[in-house]
Amino acid sequence: MDIRISKHGESTVLCDTAIIPFTEGIEISEGLLYLDSDVEAMISYLVKDKIFTGKKEQIESFRLAREENPRNIILVGLGDDQCIDQETVKLAISSAIRKAKQLKSKVIEIHQIFNSCSTSSKEMVSLVAKYTILSDYDFGDYKAPKEDSVDILEVNILVGPDEDMIILEKALDEGVMEGQSICVARALVNEPANIMTPTMLAEEAKKYGKEYGFDVKVMDEADIKALDMQAFLSVGKGSAEPMKLITMKYHGNLNDPEIYGLIGKGLTYDSGGYSIKPTDGMHTMKSDMGGAAAVIGAMIMVASQKLKINVTAVVASCENMISGHAYKPGDIIGSMAGKYIEITNTDAEGRLTLADALTYAVKEEKATKLIDIATLTGAAIVALGEKVIATLSSDDDMFAQFDAASKLASEKIWRLPLEKEYKKMLKSEVADLKNSPGRPAGTITASLFLEEFTSGLPWVHLDIAGPSWTDKASSLCPYGGTGAGVSLLYHFFKKSSY
């Protein structure tokens, strides 16, 4: 899909469909002067008869019986012009693009808002581009194409005659790239586990590193053993698929000693091991590398936007399977940090791989601040559902930056406490700590386990178990991976690079 912007009246693109967003209370005499008479007449009728009012999330379409373009008109409501935020634009654009696809549109024109609106043109262009990309995404690699299917080929965003096109072109590029990066993360998650193995995940990271300008190094089992990453090795040794340690480095500010260590959970499949999951619980476990997918998407954004920041991402990727080599409940395993861990549940494997990855980021990559993102606990879904990212942090300032970034990214987060009293639940009679103390406060105790491997550095943990996957298709995202965390991480790093 090719997305561009043009000033109204200067576009030479012929479109078959026009999407026209309206706020409530638009004055027909002033607000529709830029439309041709046929379109203006039909909209005037719809507005005067209150069939279309511009109410938030309202959508109305009609087809003009004429040869010239556009033939399809889609009206979409934005509500109060002083209350237009990213959520409003997200819902409006996704609904309109879905309608355009139903109408088999190939070339679409999206009109900007010309009456008063509190959202800047720069922000609006970026948002429209981002959500146009996301609304068009479909994972159909393993389905025969429908004979009557039509792809959207071009989208032209129309802006006012007095806009600064240099500023808006930059905003357009950022919005397109953000949408595409989220789609990369979605696609990585949606690939079946027999395709998206640790080896394939490493190859994808190398491909995107080469394309967007960040360095990628992939280490195999011999390297992992040499690093004494015993926790990671214990999880991966039950699988016939080789484990991979993937590092991605972006140096955008060589004069800054700050290095963000970004760690993503990379379990390309999780059976639960000997603490085996039920069949229904295993069906979507290809998504257990959603954290790694978000990290790759975020690295694409950081590098493509040339942020003045230093980020080193680490993914310890493997499968958690059952075999004669697999680790078992009751085992005591080591870790790169030198701590011994009693295994009480082999389905609490992600925190083991993250523990060694966090240690590696500190010891080998000299990270000064740490962020990990993982589909870590079902308890996070129980607590916060499928729309909110459970967030825990040892550093109030870092959390505050994430809180601000979440609003820019339109990804909801909620802070849970690192309750120190619960640390005693991790105590083991036979080792330094146990990997899973049970169900109570499961998200918090998992985070307290990870904190043991942060070397006391400022740290934020993002549990995306709920938002990373959807069983319910919507206009914004089909069934499957959502790309959760990509925008959140990007806007955090963007704010941190100022």
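Lys-407 is exposed, with a relative accessible area of 58% (exposed means over 50%, buried under 20% and partly exposed in between, for a 1.4 Å probe and protein chains only). The model is predicted: local features require pLDDT of at least 70 and side-chain atom pairs pLDDT 80 or more, whereas totals for chains, interfaces and linings use all residues. Residues are numbered from 1 along each chain as its sequence is written, and side-chain values use heavy atoms, without hydrogens and water.

Lys-407 forms a salt bridge with Asp-403, the closest N and O atoms being 3.4 Å apart (a side-chain nitrogen of Lys or Arg within 4 Å of a carboxyl oxygen of Asp or Glu). Both residues belong to helix H13 and are separated by four residues, about one turn of the helix (helices, H or I of at least four residues, and strands, E of at least two, are DSSP runs numbered from the N terminus). Asp-403 is partly exposed, at 28% relative accessible area.

The structure holds 22 salt bridges. In one of these, the side chains of Lys-420 and Glu-451 meet at 3.1 Å, N to O. This pair links distant parts of the chain, 31 residues apart: Lys-420 lies in the loop between E15 and strand E16 (433-434), and Glu-451 in helix H14. Lys-420 counts as partly exposed at 45% relative accessibility, whereas Glu-451, at 14%, counts as buried. A further salt bridge joins Lys-339 to Glu-452 at 3.7 Å, N to O. Here the two partners are 113 residues apart, Lys-339 being placed in the loop between strands E11 (332-333) and E12 (341-342), and Glu-452 in the loop between helix H14 (442-451) and E17. Asp-2, Arg-4 and Glu-154 are linked in a network of salt bridges.

An open sheet of eight strands has mixed pairing and the order E7-E8-E10-E9-E13-E17-E14-E15 (strands pair if DSSP finds at least two bridges between them). Strands E7 (215-219) and E15 (412-415) stand at the edges with a single partner strand each, so one side of each lacks a neighbour in the sheet. Neighbouring strands are turned by 20 degrees against each other on average, direction ignored (axes are lines fitted to C-alpha atoms, for helices over the stretch in contact, and angles run from 0 to 180 degrees between N-to-C directions). Helix H6 (residues 198-212) packs on the sheet, touching E7, E8, E9 and E10, and its direction makes about 15 degrees with that of E8 (contact means heavy atoms within 4.5 Å). Helix H13 (residues 396-409) also packs on the sheet, where it touches E13, E14, E15 and E17; the direction of H13 makes about 155 degrees with that of E15.
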